[in-house]
Amino acid sequence: MQTVILPRLDEDQKSGMILEWLKGEGAEVEKDEPIAIVMSEKIIMDVSAPVSGKLYKVFAQENVEMPVGQIIAVIAEPSDDPTTVSRFVEEAKRSLAKVEVAAPHKPEEKVLISPLARKLAEQYGIDVTTIKGSGPGGRIVKEDILKAVGELKPEAKAPPRVTTIPLTGIRKIIAERMSSSHLAAPHVTLTMDADASEANKLKETGISYNAILIKAVAKALQNYPIFNSTLEGDQIKQFQDINIGLAVAVEEGLIAPVVHNVEKKTLTEINVAVEDLIKKARENRLSVSEVTGGTFTISNLGMFEVDIFTPIITPGQSAILGIGRIVDKPQVVSGRIEIKPTVTFSLSFDHRVADGAVAARFLQLVKKFFENPHLLSP
């Protein structure tokens with residue numbers, strides 16, 4: 001004959017309760033077989049039979065809080081004398097009478113929930129009193145809370161609304177060319193600030209930034225022709241002419257009219273050519289020859305308040321120069337801080353064609369010519 005007591009499930013536990021009896025009075029039980037589910041303030045666990053036999057008497061009601069150590073049942077072993085067992089049970093009942101037991105809780109007022117489920121409910125702001133538990137004795141378990149979370153946020157599962165735009169025309173061509181270039185050529189982008197003070201002065205005479213930049217790049221390319229080239233198979237082919245495309249935003253997308261033979265043109269001639277090409281581009285009047293044959297491209301996003309970006313190389317070329325906006329920045333000049341108009345250059349180049357150090361020197365030279373436009377004479 002063995003008594004079953006309410007176990008202490010955690011160190012500070014003073015009381016607990018039976019959530020559910022898994023076996024009724026008179027049931028045969030095996031040693032270590034779970035016969036009840038008990039709960040403390042922190043955890044829930046099974047109570048197993050200490051011996052094999054018959055669950056002779058159950059003292060504890062479900063959902064009734066009681067002190068730890070309280071006798072909750074008696075198991076009679078086959079060899080026990082029935083009279084002795086009956087007498088023991090009566091003594092146990094009398095001892096129970098001396099124990100102050102809390103009043104029964106109304107099951108509907110007590111939320112049975114596992115510690116993990118309670119933590120999840122707090123995390124997601126779930127009202128556990130609205131949840132019907134699927135665990136033993138109606139206990140709320142983790143799966144119940146996760147289900148409630150999903151029901152509370154149905155919009156999170158809904159696919160985003162979309163508007164479909166067919167990829168056609170110039171947009172399709174641009175997409176294919178840019179994807180091809182980016183996949184084929186390992187791009188590396190270097191950035192460098194340049195002082196725009198002298199360019200600003202020259203602009204006041206009617207020469208545009210774009211014309212100054214085109215001429216500065218052309219002068220630098222004469223010193224570093226590797227960036228005026230294309231890679232075909234296992235051969236790098238350097239172009240003899242310097243034809244610089246200037247990316248222009250038009251309604252249909254981006255187009256890059258080309259200023260041919262820049263190395264042979266004066267700054268004024270380039271300025272006239274650029275103005276004419278931009279006007280034609282925006283009026284959709286460019287000829288085939290004016291949009292083909294480029295050997296290097298400049299993309300200027302400064303008018304859109306962009307500071308730095310990583311341009312993608314035009315297919316068939318080996319480098320592209322991105323231009324940011326001109327903004328006032330502090331610069332140290334002869335130990336003093338001066339505020340100067342500053343532009344950031346972003347040079348993307350094909351790393352198969354040139355190394356970073358060579359690209360850096362090329363960019364330095366572009367910067368030098370831009371900062372000193374008096375050096376841009378043919």
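I began with β15 (296-300) and β16 (319-323), and I found that these two strands pair in the parallel sense over four bridges, where I count strands as DSSP E runs of at least two residues and helices as H or I runs of at least four, numbered from the N terminus, and take two strands as paired if DSSP finds at least two bridges between them. N300 stands opposite I323 in β16. The model is a predicted one, in which local features need pLDDT of at least 70 and side-chain atom pairs count only at pLDDT 80 or more, while totals for chains, interfaces and linings use all residues. Residues are numbered from 1 along each chain as its sequence is written, and side-chain values use heavy atoms, with hydrogens and water left out.

I then looked at the other partner of β15 and noted that β12 (244-250) is joined to β15 by four bridges and runs parallel to it, with I298 as the bridge partner of L246. Five of the five residues of β15 are buried (under 20% relative accessible area, with exposed meaning over 50% and partly exposed in between, for a 1.4 Å probe and protein chains only). F296, I298 and N300 point one way from this strand, whereas T297 and S299 point the other way.

Next I looked up L321, which lies in β16 and counts as buried because its relative accessibility is 1%. Leaving aside neighbours within four places in sequence, I listed its contacts (heavy atoms within 4.5 Å), which include V217, F296, I298, P311, F345, L363 and V366. The C-alpha atoms of L321 and F345 are separated by 6.7 Å, although these residues are 24 apart along the chain.

Which residues have the most contacts inside the largest nonpolar core? I found F296, I298, L321, F345 and F370, in a core of 49 residues, a core being a set of buried Ala, Val, Leu, Ile, Met, Phe, Trp, Tyr and Cys residues joined through side-chain atoms within 4.5 Å. Among the elements that each supply at least two residues are β9 (187-195), α8 (267-282) and α9 (356-371), and the largest share, nine residues, comes from α7. For F370, again leaving aside neighbours within four places in sequence, I noted contacts including A194, I212, L213, A216, V343 and F345. Apart from this core lies another, of 18 residues, among them L6, I35, A36 and M66.

I moved on to β8 (residues 71-76), where six of the six residues are buried. Strand β1 (residues 2-5) pairs with β8 in the antiparallel sense over four bridges, and Q2 stands opposite I75. Strand β6 (residues 53-58) also runs antiparallel to β8, joined by four bridges, and K57 stands opposite V74.

Finally I checked two backbone angles, bearing in mind that most residues other than glycine have a negative phi. E305, in the loop between β15 and β16, has a positive phi near 65°, and E305 counts as exposed because its relative accessible area is 59%. S334, in the loop between β17 (327-333) and β18, has a positive phi near 55°, and S334 is likewise exposed, with a relative accessible area of 72%.
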